[in-house]
Amino acid sequence: MTPVPRLVLSAPSSGHGTNALAVGLLAALAERGVEVAGFKVGPDHVDAAYLGMAAGRPGRNLDPRLVGADRLGPLFAHGAAGAGLAVVQGTMGLYDSVSGRPDEESTAAVATVLRSPVVLVVDVAAMGQSVAALVHGFRSYDEQLWLGGVILTQVASPRHETMLREALDDIDVPVYGALRRHELPSVLPARRHGVLPVVRRDAEASRAVRRLGEAVAATVELDRLLALGRSAPPLSIPPWSPATQALATGTGAPAGSATGEAATGPAPVVALAGGPGGGYSYAETAELLRAAGAEVVTVDPLRDEALPAGTRALVVGAGLPEACARDLAANRRLCIAVAELARTGRPVVAEGTGLLWLSRELDGLPMCGVLDATGVTRDGLVVGYREATARTASVVAEAGATVRGYKQHAAVLTPRAGEHPAWSWGGGAPEGFVWRGVHASQLGLHWAADPAVAARLVTAARQAEGVGALA
């Protein structure tokens, strides 16, 4: 049994202030000395990054579609280890699901799997006593859901607050905070910057997190929320373990050996794209690579002019924003180094914008030139999950294997796929590139769903130790 105090913050729909409140709650509790952990339901790297900045430990994603519902509890227990409170930020509305399977993939479904109380965040700007009907409906809709109370945002006045509290008291729903319209400032950097402000540890992002923490500390009843979180029952599931996953795939350090010292020799250096404030991959990616025997070293695609010494493989996660194309293009020395790494056959896995970085050019800006393709940014976003089949064997997947991934991009490549495509799925042409040791695609994967990806990549990196320049 694993005791993990925990709360899920959700809302009737998007736009009620859940993200700002989750970040602020974590920051406020961390300032009080509480060890906290932050999680985001769904694939979004951006919200998870700010939750991590507020908590002081990596923000993590809980996505039933990407990793499977059976892994949610173990991944949560792993990421929340040692925390005095874990805060899970929902996605969309409490019962919403992009796939149309709310019983499996909604925030409510995640809360039920975690046996966690839910605090509903409600924007009451245009609402009076009807708040009671709305909250009662959300509480009654699913008898398995544990609705622990509400936090009200956009409250107009003391009289308005009194009206709302009285209405909710009539249905016996606790109110943990009532924030006026000016008390939850819109201070987080614009989403077009993606995770960059966090990865770079920009002063603007740090100030925003601090201000949200101060706002929540002044308006939300933290002690009562902590008590609610501590009332969650212990989890009866063992935490997910990257070491166990590595051993299950036949890789990793043998018992009694030093960390990173695998049975087959010294740890190969795997460069993982990121910066001082974190990476562009899900947190479990680095953990799986280390458990498989790699020495993981961060490389900043925007600032570092060379790959880490001894690099034998490169991983670029899907969190790298398209908005940084100009900075990627300006870093010519690193582009040349990446092209040379790929040319010599060493493993390079690039997702999302990483694929664009490997192309010949993006919006007229020169990129690494590894792939004979050109990217152009268009209006609108391509967003959604894909059930994909591997068209070509690579370190990411065996040919014919099926995976679940997520796409979110504005730029498109011409051609869409190389001679040896990475993926295909129903309703679309083949996508992505497999060339020598390169696997590049705009489809982002969560490696916890298939830990063998890390194992195959580390094995390929070891085999590349003696590889010279290829013709």
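These are my notebook entries on a predicted model, from the whole chain down to single residues.

**Ground rules**

I number residues from 1 along each chain as its sequence is written. The model is predicted, so I took local features only at pLDDT of at least 70 and side-chain atom pairs only at pLDDT 80 or more, while totals for chains, interfaces and linings use all residues, and side-chain values use heavy atoms, with hydrogens and water left out.

**Whole chain**

I looked up the secondary structure and found 17 helices and 19 strands. Helices (H or I, at least four residues) and strands (E, at least two) are DSSP runs, numbered from the N terminus.

I then checked the overall dimensions. The C-alpha trace spans about 75 × 50 × 40 Å along its principal axes. The radius of gyration is 23 Å, which agrees with the value near 23 Å for a compact globule of 471 residues. That radius is taken over C-alpha atoms, and the globule rule is 2.2 Å times the number of residues to the power 0.38.

Of the 471 residues, 58% are buried. Buried means under 20% relative accessible area, exposed over 50%, and partly exposed in between (1.4 Å probe, protein chains only). The protein exposes about 18700 Å², and carbon and sulfur atoms supply 50% of that area. I note that accessible areas come from the Shrake-Rupley method with a 1.4 Å probe, and for residues only the protein chains shown count as cover.

For contacts (heavy atoms within 4.5 Å), I considered pairs at least 6 apart in sequence; 73% of these join residues at least 24 apart.

I went to α2, residues 45–55, and found 10 of its 11 residues buried. Among them are His45, Asp47, Tyr50 and Leu51. What covers them? The cover includes helices α1 (18–31), α9 (196–199) and α10 (203–219), along with strands β2 (36–41), β3 (60–62) and β4 (85–89).

At the start of the helix, a side-chain oxygen of aspartate 44 comes to within 3.1 Å of the backbone nitrogen of valine 46. Just after the helix, glycine 56 has a positive phi of about 80°.

Proline 43 sits in the loop between β2 and α2. Its relative accessible area is 12%, so I logged proline 43 as buried. Beyond four places in sequence, proline 43 contacts Asn61, Asp63, Leu66, Tyr282, Tyr385 and Tyr406. I also took the C-alpha distance from proline 43 to alanine 313, 270 residues apart in sequence, and got 25 Å.

**Histidine 409**

I found histidine 409 in strand β16 (residues 402–414). It counts as buried because its relative accessibility is 6%. Its side chain makes a polar contact with the side chain of lysine 407 at 3.2 Å. A polar atom of the histidine 409 side chain also lies 2.8 Å from the backbone oxygen of alanine 411. A polar contact is a pair of N or O atoms within 3.5 Å; within protein, one must be able to donate a hydrogen and the other to accept it, and residues adjacent in sequence count only if both atoms are side-chain atoms. Not counting residues up to four places away, histidine 409 touches Glu322, Gly380, Leu381, Val382 and Gln442.

Threonine 285 is in helix α13 (residues 283–291) and counts as buried at 3% relative accessibility. Its contacts, leaving aside neighbours within four places, are Leu272, Val315 and Trp447.

Alanine 108 is in helix α6 (residues 107–114) and is buried, with a relative accessible area of 3%. Outside four places in sequence, alanine 108 touches Leu94, Tyr95 and Leu145. Alanine 108 and alanine 48 are 60 residues apart in sequence and 18 Å apart, C-alpha to C-alpha.

Asparagine 331 is in the loop between α14 (325–330) and α15 (332–343). I logged asparagine 331 as buried, at 6% relative accessible area. Which residues does asparagine 331 touch, not counting those up to four places away in sequence? I found Asp300, Pro301, Leu302, Arg303, Asp304 and Glu305.
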